Amino acid sequence: MTSEFSILATDSKGTWTSGNSGEKSTEEIVKIVKAGEYYYSIAGILGSTKNHYGYREVISHYLVNNDFETAKSNIKNELYDRLMVDIVDYKENNPHIYDHVKDFAYFLSLGIIGRIDGCPFGSKILFQNDKKANVSITVSDSFFSSPKNSSQAKAYYLGSCDAILNYTNSYGFPKMSPEEGIVALIEAQVDASPNDCGLPVDLIKLTSLDDIWVSRKNGCPIEY
């Protein structure tokens, strides 16, 4: 995100864990959702179960029907409740999934872009695994919107991003346009984690006036 635009970009691989056998399956999916004037994507270990469709309904409902601050508060509260119910259910009825999720750093992450008073913004909400407690979630959020003509910039990462972070920590952001650089970083992550990430890349750029699709496959975005 910068003072001029916000970008949301995702890969296209969905990985699902079976509750009965613990086996994984993959398919090409759309990860960007349009809800009213906002775009978002979810990731995390509980974003890799079929229940994530229910989480998407919650997020979309509040974004469509509320101002952003109200929507964010409601999303945090209701997703916390739903995630807790799902985690307890997995623990009691789907031990394969529970054993898979209980050691992850976070259960679900949500990235949202949009505009407030014509200014592009980006926000991230994390539902982290509080490993000090027995099945507990810590919720946190971040928000970035920069004044016009400011040089400030920010990036939020969801899901598998080890290769991206290793690259940016060593070399900084790729020396090309922001759109090309983001695609290059996602491609690096796909190369490093082909079992979890896959092409093509869907990428939308919001300016103060326009929604610009730089790349997208058929069916993108999912609309509410």
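**Rings, helices and sheets**

Modeller: Let's begin with Y171, which is exposed at a relative accessible area of 57%. Y167 comes out partly exposed, at 33% relative accessibility. (Buried is under 20% relative accessible area, exposed over 50%, partly exposed in between, with a 1.4 Å probe and protein chains only.) This is a predicted model, where local features need pLDDT of at least 70 and side-chain atom pairs 80 or more, while totals for chains, interfaces and linings use all residues. Residues are numbered from 1 along each chain as its sequence is written, and side-chain values use heavy atoms, without hydrogens or water.

Now the rings. There are seven aromatic pairs in the structure. (Phe, Tyr and Trp rings pair with centres within 6.5 Å, taking the six-membered ring of Trp; planes under 30 degrees apart are stacked, over 60 edge-to-face, the rest tilted.) One of them joins F68 to F121, a tilted pair with 4.7 Å between the centres and 55° between the planes. It ties together distant parts of the chain, as F68 sits in helix α2, F121 belongs to strand β7, and they are 53 residues apart. (Helices, H or I of at least four residues, and strands, E of at least two, are DSSP runs numbered from the N terminus.) F68 counts as buried because its relative accessibility is 3%, and F121 is buried too, at 0%. Back to the tyrosines: Y167 and Y171 have ring centres 5.1 Å apart and planes at 50°, so that pair is tilted. Both lie in helix α4 (residues 162-171), and because they are four residues apart, about one helical turn separates them. Ring pairs also build a cluster out of Y38, F68, F121 and F143.

F68 takes us into α2, which runs over residues 68-93. (Expected span is 1.5 Å times one less than the number of residues.) Among its buried residues are A71, I75, L79, L83, I87 and Y90, along with F68. The helix lies across β5 (38-43), β6, β7 and β8, and makes about 20° with β7. (Contact means heavy atoms within 4.5 Å; axes are lines fitted to C-alpha atoms, for helices over the stretch in contact, with angles from 0 to 180 degrees between N-to-C directions.)

Those strands belong to an open, mixed sheet of six, ordered β8-β7-β6-β5-β4-β11. (Strands pair if DSSP finds at least two bridges between them.) At its edges stand β8 (137-144) and β11 (222-223); each has a single partner strand, so one side of each lacks a neighbour in the sheet. Inside the sheet, β6 (residues 106-116) and β7 (residues 119-129) run antiparallel and share 10 bridges, with Y106 opposite Q128.

The loop between β6 and β7 holds D117, a residue other than glycine whose phi is positive, near 55°. At a relative accessible area of 78%, D117 is exposed. N149 likewise has a positive phi, about 70°, and is not a glycine. N149 lies in the loop between β8 and α4 and is exposed at 66%. For background, most residues other than glycine have a negative phi, and most peptide bonds are trans.

There is also an open antiparallel sheet of three strands, in the order β1-β9-β10. Its edges are β1 (6-10) and β10 (211-215), each with a single partner strand, so one side of each has no neighbour in the sheet. From one strand to the next the twist averages 20°. Four bridges connect β9 (residues 202-206) to β10 in antiparallel fashion, and L203 stands opposite S215. Helix α5 (residues 178-192) packs on this sheet, touching β1, β9 and β10, with its direction at about 25° to that of β1.

In the loop between α5 and β9 sits P200; the peptide bond from L199 to P200 is cis, with omega near 5°. The bond from C220 to P221 is cis as well, omega near 5°, and P221 is in the loop between β10 and β11.
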